[in-house]
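I am opening a notebook on a structure that is new to me. I will look up one thing at a time and write down what I find.

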Amino acid sequence: MKGKVQSICDKCVAPSCISPVICSNLDTSHKPLTELYQAVDKHPKIKKSFIGSGIRHDMLVRNSIKMQMQKN
């Protein structure tokens, strides 16, 4: 994950992009990572794949709430 607008990140002095609140400039999309997992699962020589880490549940919940609000 990184900032949507790099110039905003360059000026930022906050020690964390996610604490105490998630920065609105932070791109919280997990799409590239989930696409990689899906590509691994589709590989013909791989029977099973497991995720040890990498997905942030708190970020996914925020994204799903945003999507639900946009649908309404």
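**Entry 1**

I started with Asn-25, which is buried, with a relative accessible area of 9%. I call a residue buried under 20% relative accessible area, exposed over 50%, and partly exposed in between (1.4 Å probe, protein chains only). Before going on, I note that this is a predicted model, where local features need pLDDT of at least 70, side-chain atom pairs count only at pLDDT 80 or more, and totals for chains, interfaces and linings use all residues. Residues are numbered from 1 along each chain as its sequence is written, and side-chain values use heavy atoms, with hydrogens and water left out.

Where does Asn-25 sit? I found Asn-25 in the loop between H1 and E2. Helices (H or I, at least four residues) and strands (E, at least two) are DSSP runs, numbered from the N terminus.

Next I listed what Asn-25 touches, leaving aside neighbours within four places in sequence. Its contacts are Lys-2, Gly-3, Lys-4, Val-5, Ile-8 and Cys-9. Contact means heavy atoms within 4.5 Å.

Lys-2 lies in strand E1, residues 2-3. Is Lys-2 buried or exposed? Lys-2 is exposed, at a relative accessible area of 60%. Lys-2 and Asn-25 are 23 residues apart in sequence, and their C-alpha atoms are 8.5 Å apart in space. With neighbours within four places set aside, Lys-2 is in contact with Asn-25, Leu-26 and Asp-27.

The loop that holds Asn-25 also holds Pro-20, between H1 and strand E2 (26-27). I checked the peptide bond between Ser-19 and Pro-20. That bond is cis, with omega about 5°.

**Entry 1: The cysteines**

How many disulfides does the structure hold? I found zero. A disulfide is counted as a pair of cysteine sulfur atoms within 2.5 Å. In general, a disulfide is a covalent bond between the sulfur atoms of two cysteines.

Cys-12 is in no disulfide either, and the nearest cysteine sulfur, that of Cys-23, is 6.2 Å away. Cys-9 is partly exposed at 27% relative accessibility, and Cys-12 is partly exposed at 43%.

I searched the whole structure for salt bridges and found one. The cut-off is a side-chain nitrogen of Lys or Arg within 4 Å of a carboxyl oxygen of Asp or Glu. Side chains of opposite charge can pair when their charged atoms come close.

Which residues make the salt bridge? Lys-31 pairs with Glu-35, and their closest N and O atoms are 4.0 Å apart. Both lie in helix H2, residues 31-42, four residues apart, which is about one turn of the helix. Lys-31 is exposed at 53% relative accessibility, whereas Glu-35 is partly exposed at 41%.

I stayed with helix H2 and looked at Asp-41, which is found there. Asp-41 is partly exposed, with a relative accessible area of 48%. Beyond its neighbours within four places in sequence, Asp-41 is in contact with Ile-46 and Ser-49. A polar contact of 2.3 Å joins the side chains of Asp-41 and Ser-49. A polar contact is a pair of N or O atoms within 3.5 Å; within protein, one must be able to donate a hydrogen and the other to accept it, and residues adjacent in sequence count only if both atoms are side-chain atoms.

Thr-34 also lies in helix H2. Thr-34 is partly exposed, at 27% relative accessibility.

**Entry 2: The whole chain**

Last, I stepped back. The chain has three helices and two strands, in the order β-α-β-α-α from the N terminus. Of its 72 residues, 10% count as buried.

How confident is the predictor? The average pLDDT is 83, and 79% of the residues score at least 70. pLDDT is the predictor's confidence in each residue, from 0 to 100. Confidence is lowest in helix H3 (residues 57-71), at a mean of 65, and highest in helix H1 (residues 6-11), at 95.
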